Amino acid sequence: MNETHFLKVENLTKLFGGLAAVNDVSFSVDKGSIKAIIGPNGAGKTTLFDLLIGVQQPNSGSIWFEGKNIVGYKAHQIADLGMSRTFQTIQLFGNMTVLENVMVGRHARTTSEFTQVGLRLPKFLREERKIKEEALKNLELVGLGLQADKLADTLSFGQQRLLELARALATSPKLILLDEPAAGLNTYEIEELRNLIYKIRDMGITVLLVEHNMGLVMRVSDEVLVLDYGQVIAEGSPEQVRDDPKVIEAYLGVEVNDFGGEG
Amino acid sequence: MKFKRLVERIALTRPGDFLRRNLGPTVLLIFLLTFPLWEGSVSGPVHIKFLERMRLVGIYTIVAVGLNLLLGYAGQVSLGHGAFMGIGAYASSLLALRAHVPVYLTILMAMLVAVLISLIISPILRLRGHYLAMATLGFAIISFVVLREMTWLTKGNEGLMGIPKLSLPGVEVRTMGGEYYFIWIIAFLILIFSRNLVNSRLGRALKALHHSEVAAETMGINTSWYKIKIFALSAAYAGLAGALFAHIHSFINPGIFQLNLSIILLVMVVLGGMASIWGSIAGATVVVFLPKVLEAIPYWFGNKSLTQWFSNNYSNLEPMIFGIVLILVMIFMPSGLTRGLSDFFRYRRSPFVNPLKRGSGI
């Protein structure tokens with residue numbers, strides 16, 4: 001039905017009491033592109049992510065992912081389909097090592113069950129080795145290879161964000177949702193992040209990101225979607241969006257260029 | 001084909017991995033196997049029937065491992081595992097007494113019954129933290145009342161007597177030593193199985209859902225299903241332990257499996273160390289031998305009458321003593337004996353800090 005689109009959201013609405021956090025939102029994402037969702041605080045960006053990933057269920061509307069309507073799917077089923085995310089507030093498994101955190105990410109792609117695991121049958125051993133290899137590869141990618149044996153809690157804030165990214169990548173996603181990946185990072189780290197996002201795109205993974213850092217958004221994304229009060233107010237290339245009067249108004253008339261690293 | 005597999009198996013592990021992983025368990029196994037040979041030569045100020053108590057340690061270890069998987073790894077509190085022990089004990093005894101099923105089969109059936117009941121009550125796992133604790137508490141109370149009041153089946157407070165001894169096909173295990181080996185072989189296998197479990201994708205899934213259910217779901221972990229599975233597994237362990245308990249004591253009544261037992265089981269887990277398989281042995285050992293150690297303390301100060309008083313009144317003091325021990329451990333070594341020490345050596349983390357504090361389920 002909607003095979004032409006990699007991800008297509010149609011008339012998505014989520015109500016909290018009487019308040020429409022996400023109000024009749026429609027947009028689509030092309031395979032292999034980088035799309036950013038921006039908007040003032042409380043515009044419904046994170047709620048939109050929660051709906052996409054299945055943490056919350058919408059009141060109406062549909063989400064087509066690779067030609068399948070995934071509304072009503074549970075979060076773990078959506079992870080199986082190939083969608084993964086990072087969190088705005090870091091949600092690492094603090095008492096596990098960095099490597100183990102990423103190894104958790106391989107869960108959806110592995111199948112050993114209780115008997116195989118408990119008796120250490122060959123299938124489990126093979127799988128376990130592969131999990132470790134993949135996890136290390138992902139850690140190398142984000143540049144945390146040397147921290148593999150540390151506890152996740154002991155990493156710096158920026159490293160924790162990178163670890164979340166590595167963990168999300170370990171699920172072998174087709175689409176990755178990044179929720180404010182630059183929040184709390186310094187200029188240097190943001191530059192690293194930008195390169196990383198390109199690398200992820202080059203691996204064939206589609207990127208959808210929510211971000212307040214306009215510098216990053218304007219440079220990295222192919223397309224930008226602007227939300228305000230849960231509604232789409234503009235969509236297009238970074239240049240188009242930047243010059244859109246509605247967008248400028250939503251940001252209180254301040255030139256979008258002036259926005260630095262908010263949040 | 002077989003050769004290829006063997007090569008593969010060896011290639012999978014780094015040199016030394018096998019030794020590193022199995023050194024501790026091997027030492028433990030040697031200790032357990034030889035213990036009955038030299039336990040007689042251990043002597044102290046108070047008389048301890050080591051073998052008799054070690055059987056109990058084995059039984060408690062089995063439950064504590066299961067409870068540790070549930071509480072320490074998956075972060076789900078249960079005050080109902082004493083009840084699962086009771087269910088296992090009654091199921092096994094009744095099958096052996098009334099239906100004359102051989103004991104080695106009734107033990108398996110007892111596990112099955114415990115699993116079935118755990119699956120029936122598994123919807124309570126949707127509750128979190130204190131609410132789950134309350135619900136399992138309710139379960140423990142209900143089970144106690146049911147066991148007491150279903151007199152036509154369980155004979156109520158009178159209890160069941162003359163429960164057959166443990167047996168294997170064709171052999172009845174009659175001696176203390178035989179029971180010791182019977183129990184500890186099972187306990188050891190369960191320890192190894194559980195150790196393997198936690199060092200795998202399943203163990204990581206449990207630890208993950210303990211810390212952040214949302215993040216775990218996003219990684220493709222079906223958190224509610226995993227909670228049910230681990231709850232059922234720990235119930236199976238508890239049922240098994242209960243059955244073993246019944247068959248070595250030949251007498252049970254509902255009072256044994258009251259809430260008090262569930263609390264003692266929790267003490268073992270917390271004392272031994274949350275999220276520590278081997279800690280379960282430490283916890284069980286301390287709980288079983290603590291009364292004797294406490295008896296010995298006044299003796300060392302030359303106060304024999306106090307020792308006597310202590311051994312006569314211990315059962316009254318027990319809840320209080322465990323309460324004090326629990327408070328002291330929570331204050332001074334919140335991650336438990338084994339875990340506190342091993343983390344100290346591994347990560348140079350103070351054993352006096354609780355690593356589970358953030359996002360902890362309890």
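I will begin with B:Glu213, a residue that is buried, its relative accessible area being 17%. Please keep in mind throughout that we are looking at a predicted model. The partner of B:Glu213 is B:Lys227, and in this salt bridge the closest N and O atoms are 3.1 Å apart. Since B:Lys227 sits in helix H11 of chain B while B:Glu213 sits in helix H10, residues 213–218 of that chain, the pair ties together parts that are 14 residues apart in sequence. B:Lys227 also counts as buried, because its relative accessibility is 5%, and the cut-off for that class is under 20%.

Helix H11 of chain B, which covers residues 223–249, brings us to a contact between the chains, for B:Lys229 in that helix pairs with A:Glu113, a residue in the loop between helix H3 (98–105) and helix H4 (114–118) of chain A. Are its two ends buried or exposed, or something in between? B:Lys229 is buried, with a relative accessible area of 17%, whereas A:Glu113, at 31%, is partly exposed.

Staying with charged pairs, I turn to chain A, where A:Glu235 and A:Lys35 form a salt bridge whose closest N and O atoms are 2.5 Å apart. This pair links distant parts of the chain, given that A:Glu235 belongs to strand S10 (residues 231–236) and A:Lys35 to strand S3 (residues 34–38), 200 residues apart. A:Lys35 counts as buried, with a relative accessibility of 0%, while A:Glu235, at 38%, counts as partly exposed. Which residues make up the network that contains this pair? Through salt bridges that share partners, A:Lys35, A:Glu223 and A:Glu235 are joined into one network. Over all chains, a search of the whole structure finds 22 salt bridges.

Next, the strands of chain A. Strand S1, residues 7–16, and strand S4, residues 60–65, run antiparallel and are joined by five bridges, and within this pairing A:Glu10 stands opposite A:Ser62 of S4. S4 of chain A is in turn joined by two bridges to strand S5, residues 68–69, again in an antiparallel arrangement, with A:Phe65 standing opposite A:Lys68 of S5. How many residues lie between the strands of this hairpin of S4 and S5 in chain A? There are two, and A:Glu66 takes a positive phi near 50° in this hairpin. As a general point for reading such strands, side chains in a regular strand alternate between the two faces of the sheet.

A:Thr154 is exposed, because its relative accessible area is 52% and the class begins over 50%. Its side chain reaches the backbone oxygen of A:Leu151 at 2.6 Å. From C-alpha to C-alpha, A:Thr154 and A:Asn95 are 9.6 Å apart in space, although 59 residues separate them in sequence.

In chain B, there is a nonpolar patch on the surface, formed by B:Met320, B:Ile324, B:Ile327, B:Leu328, B:Ile331 and B:Phe332, which together have about 610 Å² of accessible area. One of these residues, B:Ile324, lies in helix H14, residues 304–332 of chain B, and, at 45% relative accessibility, counts as partly exposed.

Technical notes
Residues numbered from 1 in each chain as written. Chains lettered and ligands numbered in written order. Predicted model: local features only at pLDDT ≥ 70, side-chain atom pairs only at ≥ 80, totals over all residues. Heavy atoms only, no water. Buried < 20%, exposed > 50% of the residue type's maximum accessible area, 1.4 Å probe, protein only. Polar contact = N/O pair within 3.5 Å; in protein donor to acceptor, adjacent residues only side chain to side chain. Patch = residues over 30% accessible without salt bridge, like charges linked within 9 Å, V, L, I, M, F, W, Y side chains within 5 Å. Areas by Shrake-Rupley, 256 points an atom, 1.4 Å probe, with all protein chains shown as cover. Salt bridge = Lys/Arg side-chain N within 4 Å of Asp/Glu carboxyl O. Helix = DSSP H or I, 4+ residues; strand = E, 2+ residues; numbered from the N terminus. Pairing = 2+ DSSP bridges.
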